[in-house]
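Keep the structure in view as you read.

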Amino acid sequence: MIRERRFSIFDEVMLRNELDAIHVNPCHIDSTWRFVLDHKDAEAYEVPNLPLKAQALFRAKFKPTTSHVHIQYDSSDGRTTKLLVMFESGLSAEAVIMRHDSSAGKYAGGPRTGAARATLCVSSQVGCKMGCTFCATGTMGFKGNLSAAEILEQLVHASRITPIRNVVFMGMGEPMNNYSAVVRAAKSMTGRCFHPSPKHITISTVGIIPRIISLKADFPEVSLAISLHAPTQELRSEIVPAARAFPLSKLIAAVDDYLTESKSKVFIEYVMLAMVNDTEVHAHQLGQLLRGKRVVINLIPYNPTSVVQQFKASGSIELFTFQKILKEVYNLRTTVRQEMGQDIEGACGQLHVSHRRSNGSAELDSLLQDIEELGVHR
């Protein structure tokens with residue numbers, strides 16, 4: 001006898017449709033999610049005060065999650081946690097929790113205000129088609145898209161460890177190549193039992209222009225991050241192959257349009273590669289490209305990996321000079337990435353999961369990692 005497939009209770013579209021079909025108020029989604037989040041080992045049909053029809057539905061068609069945390073790594077300083085999440089397909093992806101202290105350091109000459117907060121970096125695909133030359137994920141090839149529920153379940157697993165304030169779609173994969181699932185997951189993350197608001201969600205892309213245009217209409221409250229990495233079309237085409245399909249001039253025009261109509265800022269991600277894109281000439285080219293725009297530039301120190309060895313990290317002097325030119329000459333808000341979780345391979349540019357099947361089940365073969373963005377500056 002073949003048992004009917006059970007879906008994730010965090011598949012909001014499926015859950016809402018099934019509740020509508022039996023004429024049960026969808027308000028029970030909130031209480032169900034909150035209960036399942038707070039009771040890791042409970043079944044969805046065990047939610048108190050659930051209508052009998054909903055109990056029967058949940059018992060027959062839904063399970064608490066369709067993924068599980070296979071391995072959890074914690075950094076020695078306690079600030080970073082890496083989760084290897086296994087899915088029913090046998091594939092796996094990683095999510096990374098980064099803990100920040102908003103009160104650390106100074107601001108405007110005085111102490112900062114704020115408290116501890118946590119950012120979760122989620123994966124939207126297993127592998128990636130973009131093939132960025134400095135990124136280990138691209139060496140995996142593309143294994144598959146994650147569903148909206150599988151993306152949302154990364155937040156479920158992380159929220160059981162610590163409250164999550166920010167979510168960044170900057171793990172494995174190109175989010176805009178899995179657009180519908182990403183937008184559905186992002187919308188499900190706001191409100192209900194989760195903490196992030198739309199302005200605390202950032203979706204990254206190497207520059208899929210049609211999807212940037214769509215995002216502006218579909219979810220304008222979220223922040224957009226552009227993985228730029230080069231100030232000219234020629235150089236960008238060399239290190240970001242997808243740039244050949246989406247010329248820099250058209251990408252910047254799409255960013256301008258997004259900034260005009262969206263309620264949120266745009267982050268510009270720029271991995272610093274020694275003698276490739278980190279010279280003073282490159283800094284001036286980038287400054288001229290972005291001058292006057294409402295953007296935040298994140299300079300990301302490159303982290304070498306065992307699978308990508310042709311690049312080296314820029315030196316501290318080059319990083320400082322690059323940032324100084326952007327800030328002082330072009331008045332552009334520019335930050336240098338604070339690396340976190342390096343001792344658990346949790347730094348930018350290193351995520352890479354290999355899968356090997358044996359006896360019909362998936363095993364973890366090797367694990368490195370690439371997190372396109374390990375922090376958001378708010």
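How much space lies in the second largest pocket? About 230 Å³. A pocket here is an open set of points on a 1 Å grid over the protein atoms alone, where a 1.4 Å probe fits, with protein on both sides within 12 Å along at least five of seven lines; lining residues have an atom within 4 Å of a point. Its lining includes Lys 40, His 68, Gln 72, His 157 and Arg 160. Strand S3 gives the largest share, four residues.

This is a predicted model: local features need pLDDT of at least 70, side-chain atom pairs count only at pLDDT 80 or more, and totals for chains, interfaces and linings use all residues. Residues are numbered from 1 along each chain, and side-chain values use heavy atoms, without hydrogens and water.

Now the sheet. Ten strands (DSSP E runs of at least two residues) form an open, mixed sheet in the order S3-S4-S5-S8-S11-S12-S13-S14-S15-S16. Strands pair if DSSP finds at least two bridges between them. S3 (67-74) and S16 (333-336) each have a single partner strand, so one side of each lacks a neighbour in the sheet. Inside the order, S12 (201-205) and S13 (223-227) run parallel, joined by four bridges. Ile 203 stands opposite Leu 224 in S13.

Ile 203 also touches Phe 169 (contact: heavy atoms within 4.5 Å), as do Val 122 and Met 189, among others. Phe 169, Phe 134 and Leu 215 have the most contacts inside the largest nonpolar core, which has 102 residues. Such a core joins buried Ala, Val, Leu, Ile, Met, Phe, Trp, Tyr and Cys residues through side-chain atoms within 4.5 Å; buried means under 20% relative accessible area (1.4 Å probe, protein chains only).

Notes: Buried means under 20% relative accessible area, exposed over 50%, partly exposed in between (1.4 Å probe, protein chains only). Grid points are joined across faces, edges and corners, and a volume is the space filled by probe spheres set on the points. Lists of a residue's contacts leave out its neighbours within four places in sequence.
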